[in-house]
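Have the structure open while you read.

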Amino acid sequence: MTMIIFPLLLQKPSRNSKAKDHVAHLEKRLALWRTGEIFKLLKECTAIQARLLSSKPSAKHNEQVFVRLMLQGKISAALKWIGSQRSGLLDVDDKVLITLRDKHPKPAKVVSGALLKGPAVDVEDVIFDNIDADLIERTAKSISGAAGPSGADAEIWQRILCSKQIK
């Protein structure tokens, strides 16, 4: 769920929407999220996405994004951005499927030492007693890195976890 929470909650209602619209829609979406109405949330965001015009970013836009990421010190994200702009998806046909199957490695035998055996180990609650807001804030301030599957990089997590407005 963490991979879809940001796109679902932070989707702009329209291309020309203002900050007050964003706040109102975010509050509404958070209420839907809290009450477990995920499908209503998905339906709304799908409708917004359907209205958007799909346009390919220009070379100038790609350059601007790259420069902005580099200036922010997000070198890994900048290189990932440039690399993602050069590639595209192949149309899946029989030739592509055969090539992919040929490149896929044959399965290896399972090594018994790599498997966990026996009952799951219970972790005592006392282990988590020292995790408090201060520890989470200190840890969040020390992280760095590019975005993963959730689309949230370290800077976004720092804003979320260290914000005085979000409690």
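What follows is a short tour of salt bridges and surface charge.

Keep in mind that this is a predicted model.

**Bridges along the chain**
- E37 pairs up with K40 in a salt bridge, with the closest N and O atoms 2.9 Å apart.
- E37 is partly exposed at a relative accessible area of 29%, whereas K40 counts as exposed at 51%.
- In helix α7, K141 and E137 are 4 residues apart, so about one helical turn separates them.
- K141 and E137 form a salt bridge, and their closest N and O atoms are 3.3 Å apart.
- K141 is exposed, with a relative accessible area of 55%, but E137 is buried at 18%.

- K74 and D153 meet through their side chains in a salt bridge, 2.6 Å from N to O.
- This pair ties together distant parts of the chain, 79 residues apart: K74 sits in the loop between α4 (59-71) and α5 (75-86), and D153 in the loop between α7 and α8 (154-162).
- D153 is buried, its relative accessible area being 11%.

- E124 is found in the loop between α6 (94-103) and α7 (133-142).
- With a relative accessible area of 54%, E124 is exposed.

Notes. Residues numbered from 1 in each chain as written. Predicted model: local features only at pLDDT ≥ 70, side-chain atom pairs only at ≥ 80, totals over all residues. Heavy atoms only, no water. Helix = DSSP H or I, 4+ residues; strand = E, 2+ residues; numbered from the N terminus. Buried < 20%, exposed > 50% of the residue type's maximum accessible area, 1.4 Å probe, protein only. Salt bridge = Lys/Arg side-chain N within 4 Å of Asp/Glu carboxyl O.
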